[in-house]
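Open the model in your viewer and get ready to select residues by number. We will go from stop to stop, and at each one you will hear what to look for.

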Amino acid sequence: MARPSPLVIARKSGYLMEQGARVAFYALYERAMGRIARKYPIAPEGKARPNGPFPDRQKMFADIMEVFDRDFRNVERGIYPIQRGPYKDIGELLSTGRRFLADVPKVASRRAEGRHQEVSGTSRQLPRYYRQNFHYQTDGWLSEDSARIYDFQVDVLFKGTTAVMRRLALAQMAQALLNTDRREVAYLDIACGTGGLLNPATRAFPGLRGTGIDLSEEYLRVARERSATTRSSYVCANAESLPFASNSLDLISCVYLFHELPPKTRRQVAAEIGRVLKPGGQFIFMDSLLVGDKPEYDGALEAFPVLFHEPYFSTYAREDIEGLFGAEGLTLAATDLAFVSRINRFTKT
């Protein structure tokens, strides 16, 4: 194997320094969150008691370094560019960090008391499973305050690696877009949230236009604000009944939705994806690891739904993803495991 040039070595050193600083930054907030949360002890019956193993620090660090290495190589090959996160400047980042810490006592008290139905009585016409405080978060998905700190919460959970894992999903998208005129590709991002995948995708692939759908008007409001310099558009719609004609879309992506869905709803959404995707079209799926993907993480997958109020996660973690989409005419083309995420690319036959 050829030795990297001094210029490549220098670029990688700079890349790793930047990513290391990012991990350290969110680790500080994780520690602060832990100190605050200790003031709200959880009752014994509410504590997680997993049977499976947990990854140790060495394993987690190795997995993080592995995704950093792959991300750097993808950037060097021109598959996609590195993009700075959702915040317009350091001031907005630090302001969001303050809002995050101010919200931690509210989240911790809900967890300690087992409260997760504060938004269940909303008058909006939303599915019942959606109207709850996932992750014990304030307002569930139903306020702009929640939308403003959501990405920060996720980065604290994923130790600052969220953007890197999403970029590895972009690598699968790049494969799906090979030999296509991107200007002609009909692309949909399902459960787009604040635009965490859609906006980077339309920036990474010149000519690509995309539509994001989500049930939260508040999250879409933030996504639209962040899409000012992209070719993204956003629509409030339900993935169980996609507002698109059959066989009309070339490319669909979906990031971290399926573990939030009841089993029956998962199948409804999978059926809709199969319906609207054109023959030969491709679907990029990204979500949590499944039990057995990385056995050393199986205990963490058991604990996660208890610690973070994920009522449908346990059934998701044992889901047959290939069979779920195979029943709708989608054939598995690629599987990638990236730290705590699973990325699949399917083709409609």
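Start with Asn179, which is exposed, with a relative accessible area of 84%; here exposed means over 50%, buried under 20% and partly exposed in between (1.4 Å probe, protein chains only). You will find Asn179 in the loop between α5 and β1 (187–190). Although Asn179 is not a glycine, its phi is positive, at about 60 degrees. Most residues other than glycine have a negative phi.

A word on the model: it is predicted, so local features need pLDDT of at least 70 and side-chain atom pairs count only at pLDDT 80 or more, while totals for chains, interfaces and linings use all residues. Residues are numbered from 1 along each chain as its sequence is written, and side-chain values use heavy atoms, with hydrogens and water left out. Helices (H or I, at least four residues) and strands (E, at least two) are DSSP runs, numbered from the N terminus.

Next, select Ala191, in the loop between β1 and α6. Ala191 also has a positive phi, near 55 degrees, and it is partly exposed at 24% relative accessibility.

Now show helix α1 (residues 6–37) together with helix α5 (residues 162–176). How do they pack? The angle is about 125 degrees and the axes are 10 Å apart; the axes are lines fitted to C-alpha atoms over the stretch in contact, and angles run from 0 to 180 degrees between N-to-C directions. The two helices are therefore oblique to each other, the term for angles that are not under 35 degrees (roughly parallel), over 145 (roughly antiparallel) or 65 to 115 (roughly perpendicular). Pick Tyr15, Gln19 and Arg22 in α1 to see them meet Ala163, Val164 and Arg167 in α5, where contact means heavy atoms within 4.5 Å.

Move on to Glu218 in helix α7 (residues 217–226). Is Glu218 buried or exposed? Glu218 is buried, with a relative accessible area of 8%. Leaving aside residues up to four places away in sequence, the residues that Glu218 touches include Arg124, Trp141 and Glu144.

Finish at helix α9 (residues 298–307), where Asp298, Gly299, Leu301, Ala303, Phe304 and Pro305 are buried. Just after α9, select His309, which takes a positive phi of about 45 degrees.
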